[in-house]
Amino acid sequence: MSLIIFAASVYNDTAALFGGALVLYAVTRSAARGLTPWRWLWISAALGVGLLFKLNVLVLIFPVGVLWLWEAWEKRATGWRALAANALAVSLPFAAIAGW
């Protein structure tokens with residue numbers, strides 16, 4: 001009888017797994033195709049949505065940060081303006097969606 005009760009429940013763990021998979025998909029796809037401010041925006045939005053579901057998705061900030069540092073190393077000759085634009089494209093939607 002308890003199996004039927006648990007089968008009808010919805011857990012936020014499943015949604016957090018979806019949010020984490022969405023972040024990893026956005027990171028790998030953006031790294032393969034080239035990083036633009038719009039792609040950073042989508043990475044940030046996926047991270048914010050995943051964080052709304054569960055706080056464990058916060059661990060995925062590290063791969064996003066590594067990707068941002070990798071891009072900063074590659075574009076070090078072009079200046080800091082593009083780097084700052086991408087940092088804003090990551091931080092502002094994340095803060096707006098996550099809400100804290």
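Among the elements of the chain in this predicted model, helix H1, covering residues 2–7, has the lowest mean pLDDT at 58, whereas H3 has the highest at 87. For the chain as a whole the mean pLDDT is 81, and 88% of the residues reach 70 or more. The chain contains 5 helices and 0 strands, so that read from the N terminus its elements run α-α-α-α-α.

**The chain as a whole**

- Of the 100 residues in the chain, 30% count as buried.
- The accessible surface of the chain comes to about 6900 Å², and 74% of that surface belongs to carbon and sulfur atoms.
- When contacts between residues at least 6 apart in sequence are considered, 74% of them join residues that are at least 24 apart.

**The largest nonpolar core**

- The largest nonpolar core has 18 residues, of which Val23, Val27, Trp40, Ile43, Leu47, Val64 and Leu67 touch the most other members.
- Each of the helices H2, H3, H4 and H5 supplies at least two residues of this core, and the largest share, 5 residues, comes from H3.
- Tryptophan 40, one of the core residues named above, is in contact with Leu35, Val64, Leu67, Trp68, Glu71, Asn86, Ala89 and Val90, once its neighbours within four places in sequence are left aside.

- Leaving aside neighbours within four places in sequence, leucine 47 is in contact with Val23, Val57, Leu60, Ile61, Val64 and Phe94.
- Leucine 47 and phenylalanine 94 are 47 residues apart along the chain, while their C-alpha atoms are separated by 6.6 Å.
- Leucine 52 also lies in helix H3, but its relative accessibility of 51% is over the 50% cut-off, and leucine 52 therefore counts as exposed.
- Despite that exposure, leucine 52 is in contact with Ile97 and Ala98, again leaving aside neighbours within four places in sequence.
- Leucine 52 and isoleucine 97 are 45 residues apart in sequence, and the distance between them in space is 7.8 Å, C-alpha to C-alpha.

**Serine 30 in helix H2**

- Serine 30 is found in helix H2, where its relative accessibility of 5% is under the 20% cut-off, so that this residue counts as buried.
- Apart from neighbours within four places in sequence, serine 30 is in contact with Leu35, Arg39 and Ile43, and Ile43 is among the core residues that touch the most other members.

**Helix H4**

- Helix H4 comprises residues 61–74, which makes 14 residues, and reaches 20 Å from its first C-alpha to its last, close to the 20 Å expected at 1.5 Å a residue.
- The buried residues in H4 are Val64, Leu67, Glu71 and Ala72; seen down the axis of H4, the buried residues fall within an arc of 140°, and therefore they line one face of the helix.
- The face of H4 turned away from this buried side carries the exposed residues Phe62, Val66, Leu69 and Trp73.
- What covers the buried residues of H4 includes helix H2 (12–33), helix H3 (37–53) and helix H5 (80–98).

**Helix H5 and the residue after it**

- H5 has 19 residues and reaches 27 Å from its first C-alpha to its last, close to the 27 Å expected at 1.5 Å a residue.
- In H5 the residues Leu83, Asn86, Ala89, Val90, Pro93, Phe94 and Ala98 are buried; these residues cover an arc of only 130° around the axis, which puts them on the same side of H5.
- Just after H5, glycine 99 takes a positive phi of about 85°.

Definitions and conventions: Residues are numbered from 1 along each chain as its sequence is written. This is a predicted model: local features need pLDDT of at least 70, side-chain atom pairs count only at pLDDT 80 or more; totals for chains, interfaces and linings use all residues. Side-chain values use heavy atoms; hydrogens and water are left out. Helices (H or I, at least four residues) and strands (E, at least two) are DSSP runs, numbered from the N terminus. The expected span of a helix is 1.5 Å times one less than its number of residues. Buried means under 20% relative accessible area, exposed over 50%, partly exposed in between (1.4 Å probe, protein chains only). The arc is that of the directions from the helix axis to the C-beta atoms. Contact means heavy atoms within 4.5 Å. A nonpolar core is a set of buried Ala, Val, Leu, Ile, Met, Phe, Trp, Tyr and Cys residues joined through side-chain atoms within 4.5 Å. pLDDT is the predictor's confidence in each residue, from 0 to 100. Accessible areas come from the Shrake-Rupley method with a 1.4 Å probe; for residues, only the protein chains shown count as cover.
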